Amino acid sequence: MKKTIQLIVILIIAVHCHGQKVDVISSKEVSRIESILASDEMRGRKAGTPDIDKAARFIADEFKKAGLQPMQGSSLLQEFMMFRPKVASIKGEIDDTDLEVQNIIVVTTQKEIKVDEKSGYEIQYILPGENLGAKARTFVRTEKNTVVFVDTSFSKNFGRLVTLKNSLFKMNNNVVFILGNFKPKSFKIKAEHTLEETRFSNVVGMLPGRSRKNEYVVFSGHYDHLGIARQPMDGDSIYNGANDDAAGTTAVIMLANYFKKLGNNERTIVFAAFTAEEIGGFGSQYFSRQLNPAQVVAMFNIEMIGTESKWGKNSAYITGFDKTNMGEILQKNLQGSVFSFYPDPYTKENLFYRSDNATLARLGVPAHTLSTSKMDSEPNYHKVTDEINTLDLNNMAEIIRAIAISSRSIISGMDTPSRVKPENLN
Ligand SMILES: [Zn+2]
């Protein structure tokens with residue numbers, strides 16, 4: 001009898017301390033989800049291949065079971081296309097003189113474009129001494145039809161601008177780069193492309209907030225990985241990516257269940273499993289265009305939490321700690337618990353810029369990555385040996401619990417992290 005009462009008291013205290021029923025976060029659940037996402041059947045979850053669709057369907061089912069709602073439309077899959085235009089033919093002349101074909105690079109997602117001085121294109125220049133790549137990218141991003149004359153001092157590197165065409169979202173504009181120091185009276189450009197199209201899907205669901213519906217807290221992880229190795233290693237060729245980043249995806253699914261069960265979020269919580277992190281971060285880029293970044297009050301991006309951190313169990317680190325006060329808020333919320341979050345100790349690795357949080361951070365969002373990965377000694381990182389049996393599933397469940405607790409005052413609307421200043425980013 002006494003024992004039972006003690007147990008009840010302990011249970012009440014435990015529930016009270018965590019402020020909630022945290023029982024949905026368990027190592028059993030970690031194991032269930034990880035062993036599906038990191039299984040050989042998922043074939044390494046390479047973005048842009050049919051293999052990854054299986055993982056996307058699984059995550060969407062889990063989100064649905066958890067009771068999440070779509071962010072837009074009726075699907076938890078946030079699908080988008082990426083385009084790679086290949087030149088079929090290209091012709092150009094300036095003041096009635098033909099241009100050499102290799103001196104024209106047209107960035108477009110239209111099959112055919114014809115441009116002349118009457119088309120209303122803005123005329124721009126890249127001048128000697130400017131940063132060719134950076135400047136060129138800004139013209140592609142401005143969404144304005146533009147003809148850009150590139151100074152001949154860039155002759156050697158002009159050809160590299162074709163890399164701007166490797167992976168494009170559907171463009172509303174066309175940008176024509178021409179190598180040469182021209183101030184033309186008249187010009188004509190005609191370009192035909194074939195478009196290679198690739199379909200991608202994020203998986204995104206949300207729990208609407210009780211009072212602050214238009215303020216979003218995002219939990220994210222990327223579910224894509226590296227696919228299948230060309231050279232098998234000890235008979236294994238599948239990049240299972242159990243830690244990178246089935247672990248983060250598992251956390252996102254479990255947090256969805258946790259917060260749904262809790263049912264008291266004042267702010268809207270968005271749960272996102274991103275595609276294509278490993279091949280350029282296109283999933284988070286597309287995601288960032290589907291909402292107003294000013295409405296995202298915090299982003300918890302979760303990467304590689306399957307191994308113990310350099311401080312041992314129950315601890316993790318926060319990348320870009322000094323960029324906002326979000327890290328301090330999380331630390332405050334963990335006070336009195338067994339958990340510790342530290343500033344990222346691997347600042348030379350630039351981890352803040354190496355995951356999906358960076359895309360949102362560049363838009364001002366307090367967006368950080370939480371990780372336990374020992375970047376100086378993770379023998380399975382980006383190897384076919386990144387398998388579930390290398391993970392500490394108990395610790396991983398505890399880290400997920402820690403993330404939940406650390407976010408508490410942000411979810412409730414009590415704390416609002418300071419914004420990232422994009423002008424201070426690299
Ligand atoms: Zn990763």
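This is a predicted model: local features need pLDDT of at least 70, side-chain atom pairs count only at pLDDT 80 or more; totals for chains, interfaces and linings use all residues.
Q: Which residues supply the protein donors of the zinc ion here?
A: The protein donors are His222 (NE2), Asp244 (OD), Glu303 (OE) and Glu303 (OE). They lie 2.0 to 2.7 Å from the zinc ion.

Q: And what spacing do these donors follow along the chain?
A: The donors of the zinc ion follow the spacing H-x21-D-x58-E. Histidine 222 belongs to strand 10 (residues 212-222) and aspartate 244 to helix 5 (residues 242-262), so this pair ties together parts that are 22 residues apart in sequence.

Q: Are histidine 222 and aspartate 244 buried or exposed?
A: Histidine 222 is buried, and aspartate 244 is buried as well.

Q: What about the site of the zinc ion: tetrahedral or irregular?
A: The site is irregular, with angles of 53 to 155 degrees among the four donor atoms.

Q: Let us move to threonine 369. Where is it found?
A: Threonine 369 is part of strand 17 (residues 367-371). This residue has a relative accessible area of 3%, and it counts as buried because that value is under 20%.

Q: Which side chains make a polar contact with its side chain?
A: The side chain of threonine 369 makes a polar contact with the side chain of asparagine 301, at 3.0 Å. It also makes one with the side chain of asparagine 357, at 2.6 Å.

Q: Which residues is threonine 369 in contact with, leaving aside neighbours within four places in sequence?
A: Among them are Asn301, Tyr317, Ser355 and Glu303.

Q: New topic: how much space lies in the largest pocket?
A: The largest pocket holds about 1,300 Å³ of space. It is lined by 42 residues, and those closest to its centre are Arg137, Arg141, Phe169, Gln285 and Arg289.

Q: Which helix gives the largest share of that lining?
A: Helix 4 gives the largest share, with six residues. Strand 2 (77-94), helix 4 (132-141), helix 6 (282-288) and helix 8 (357-361) each supply at least two residues of the lining.

Q: Lastly, where is the place of glycine 159?
A: Glycine 159 sits in the loop between strand 7 (146-150) and strand 8 (175-179). Glycine 159 is partly exposed, with a relative accessible area of 39%.

Q: How far apart in space are glycine 159 and glycine 336?
A: They are 58 Å apart, C-alpha to C-alpha, and 177 residues apart in sequence.

Methods. Residues are numbered from 1 along each chain as its sequence is written. Side-chain values use heavy atoms; hydrogens and water are left out. Donors are N, O and S atoms within 2.8 Å of the metal (3.2 Å for Na, K and Ca); water is not among the atoms, so sites may look incomplete. Four donors count as tetrahedral if all angles lie between 85 and 135 degrees; four count as square planar and six as octahedral if opposite donors are over 155 degrees apart and all others between 65 and 115; anything else is irregular. Helices (H or I, at least four residues) and strands (E, at least two) are DSSP runs, numbered from the N terminus. Buried means under 20% relative accessible area, exposed over 50%, partly exposed in between (1.4 Å probe, protein chains only). A polar contact is a pair of N or O atoms within 3.5 Å; within protein, one must be able to donate a hydrogen and the other to accept it, and residues adjacent in sequence count only if both atoms are side-chain atoms. Contact means heavy atoms within 4.5 Å. On a 1 Å grid over the protein atoms alone, a cavity is a set of points where a 1.4 Å probe fits but cannot get out, and a pocket is an open set with protein on both sides within 12 Å along at least five of seven lines; lining residues have an atom within 4 Å of a point. Grid points are joined across faces, edges and corners, and a volume is the space filled by probe spheres set on the points.
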